[in-house]
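Here are my notes on the model you sent over.

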Amino acid sequence: MTTGSLLAADLVIAVLASAAWLGGGAASAVRRRPLALGLAAVALLATLARAVTITALARAGWWFAAEKVLIAAPLSLAAVGVAGPRLLRAPGDIRAVAVPLLFAGYATSSALLVTVLHGYPASAGAGLLAVAGVVAATLISGRALDARPSRTLSRVAVVAAGAALVTGTGLTVASGAAPGVPHDHEYPVARIAAEPTRRFTLTAGTATVNAGGRDVAAWAFNAQVPGPELTATVGDVLEVTLRNRDIGRGVTLHWHGYDVPNDQDGVPGVTQAAVRPGQEFVYRFRADQAGTYWYHTHSASDVGVRMGLYGVLLVRPGPVTGLDVTVPVHTLAGRPLPAPRVERAEAGVPVRLRLINTDSTTHRYALAGTAFRVAAIDGVDLRGPTPLVDTAILIPAGGRYDLVFDAPATPVSLFVDGRAVYSTGAVSTVTDAWPVLDPLGYGASAPVPWSRFDRTFTLVLDRGLDLRRLLPRYAHTVNGAADPDIPPQVVRLGDVVLFTIVNRSQVVHPWHLHGHHVLVLARDGGPATGSPLWLDSFDVRPGEVWKVAFRADNPGMWANHCHNLAHADAGMTLHLLYS
Ligand code: C2O
Ligand code: CU
């Protein structure tokens, strides 16, 4: 069982236990004896099962189990300890066990709330708040059911509530004091003296574009979705003028995966102000990384990218040989882009398919009719890629894979989520059952260039209630906090930095650090064994633990966020900061 499915199973069992205890309490209150006893039995079994899931999660990593061990387990024990003996004494009047059963229900459900609303890290405040809630609810139920209020219970209630208040406030103050992101810091930036050799102008505006045979409302660069393909050769100096005609939410250009100087990175509020309607901004940087990249707005990025403000950035090492095809995949107004394309390929012609996922969720790609190699991921060439046949590829949000092959005499077809997107003729193959490539074991390995790390950071990805805003929200969190309250990771120029990224939530988080490519060291404790993988976008699935490292060689303040842009907007954004 994977840690991801353990997390899900544990959640389901916890819900079941709470519901069964509460249901049993309610049933006994109305004297439905068999029902009450049956539900209590289910609750006991579920509690037993939870002992197994919690233990397994703790073994997978403390991040997955902290609040379950510290808060849920004691409360579950209290539940069994209080309700169990009363049930065994089998009272003549089943109503006598109503309050103990309800107590058990409150105990398990408040622990569940701690997991769902508070998550990681576990805190004394959350635990005490949970206990206080249980005691209060039990007292109220006792009153309502006319049971004799227990002295001890009342005392526990007062003490727990008081302690919760004190620690709760303490914790809020402490975390509220986390260093904010300074927005007025100046970094030395390598100014580009050279004259631009490639000039482009991108004008953002509302537009009506054709998607899958239907006209849809979009936000577009130069009235097209995707925007113009920006191509350059290594060594070129790019100058891109961005104009905003009428995008009220503002626009910027972020060069996804391109490790530009910080002030060219296009993050509003961090590296520049958003470009408002009628304004412009000029980006200038040297194209010294060859490969497949893309650009997109970073202002209101979730809606902006979804509506169409993105395009391809392609930097070639030299002249084109053979067929060089970009396939930027996107979903516009519910319709898949690009439109299917068919072109003839002479047998023997080298073909490079540059697959780009510009959506916020993972896509599945399958190339049928030929053996192929993955030449590059996220713009960086792989070492010793071997031929693959009938193998599917998962590309995370923001990620790019370059597939290469020599055109065979027979047709070849690229499917994205089962839809033919690029072909050299008709291919009828069902690719659904193909195994999926694991890039961590693909290609030829090379030693990790560092033996020690100057800084190590752990990011635990989760969900939680964010109360620090005017309107509370159910945020996507990192280490229990949501943007803008997540403390930045501070590094020095030259540091070798290790990030451990843990996903204890129920959804995939495609992780994306700006300004740097990270080297994947391990996933779930298993070291990467294939070609060195220098990524800027990688899917951290539920229950996964990734270890990635990089050298801090690009000073500035860099966004570090989930590239499911709805998650990024809902709190999952933090910053890497050079001191
Ligand atoms: Cu492609 Cu900060 O994003
Ligand atoms: Cu996410």
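1. Glu280 comes out as partly exposed, at 44% relative accessibility. For the cut-offs, buried is under 20% relative accessible area, exposed is over 50%, and partly exposed is in between, with a 1.4 Å probe and protein chains only. Glu280 makes a salt bridge with Arg243, and their closest N and O atoms are 2.7 Å apart. Since Glu280 sits in strand β6 and Arg243 in strand β4, the pair ties together parts that are 37 residues apart in sequence. Arg243 is partly exposed too, at 36%.

2. A word on provenance. This is a predicted model, where local features need pLDDT of at least 70 and side-chain atom pairs count only at pLDDT 80 or more, while totals for chains, interfaces and linings use all residues. Residues are numbered from 1 along each chain as its sequence is written, chains are lettered from A and ligands numbered from 1 in the order in which they are written, and side-chain values use heavy atoms, leaving out hydrogens and water.

3. How many salt bridges are there in the whole structure? The search finds 25, counting a side-chain nitrogen of Lys or Arg within 4 Å of a carboxyl oxygen of Asp or Glu. Arg245 and Asp246 are one such pair, with the closest N and O atoms 3.9 Å apart; Arg245 is exposed at 51%, whereas Asp246 is partly exposed at 32%. Have a look as well at the network in which salt bridges with shared partners join Arg316, Asp324, Arg352, Arg354 and Asp402. Glu343 and Arg341 also meet in a salt bridge, at 3.4 Å from N to O.

4. Back to β4 and β6, which belong to an open, mixed sheet of four strands in the order β2-β1-β4-β6. (Strands are DSSP runs of E, at least two residues, numbered from the N terminus; two strands pair if DSSP finds at least two bridges between them.) β2 (214-221) and β6 (280-286) are the edge strands with a single partner each, so one side of each has no neighbour in the sheet. Inside the sheet, β1 (residues 198-211) and β4 (residues 237-244) run parallel and are joined by seven bridges. One to find on screen: Arg199 has Glu239 in β4 as its bridge partner.

5. Now the metal site. Which residues coordinate the copper ion (ligand 2)? His509 (ND1), Cys562 (SG) and His567 (ND1) do, at 2.0 Å, and their spacing in sequence is H-x52-C-x4-H. Donors here are N, O and S atoms within 2.8 Å of the metal (3.2 Å for Na, K and Ca); water is not among the atoms, so sites may look incomplete. Cys562 is buried at 0% relative accessible area, and His567 is buried at 9%.

6. Strand β24 (residues 509-513) pairs with β30 (residues 557-562) in the antiparallel sense, over three bridges. His512 has His561 as its bridge partner in β30. Both strands belong to an open, mixed sheet of five, ordered β22-β31-β30-β24-β28. At its edges stand β22 (489-491) and β28 (538-540), each with a single partner strand, so one side of each is left without a neighbour.

7. Last, strand β20 (residues 455-466) contains Leu465, which is partly exposed at 41%.
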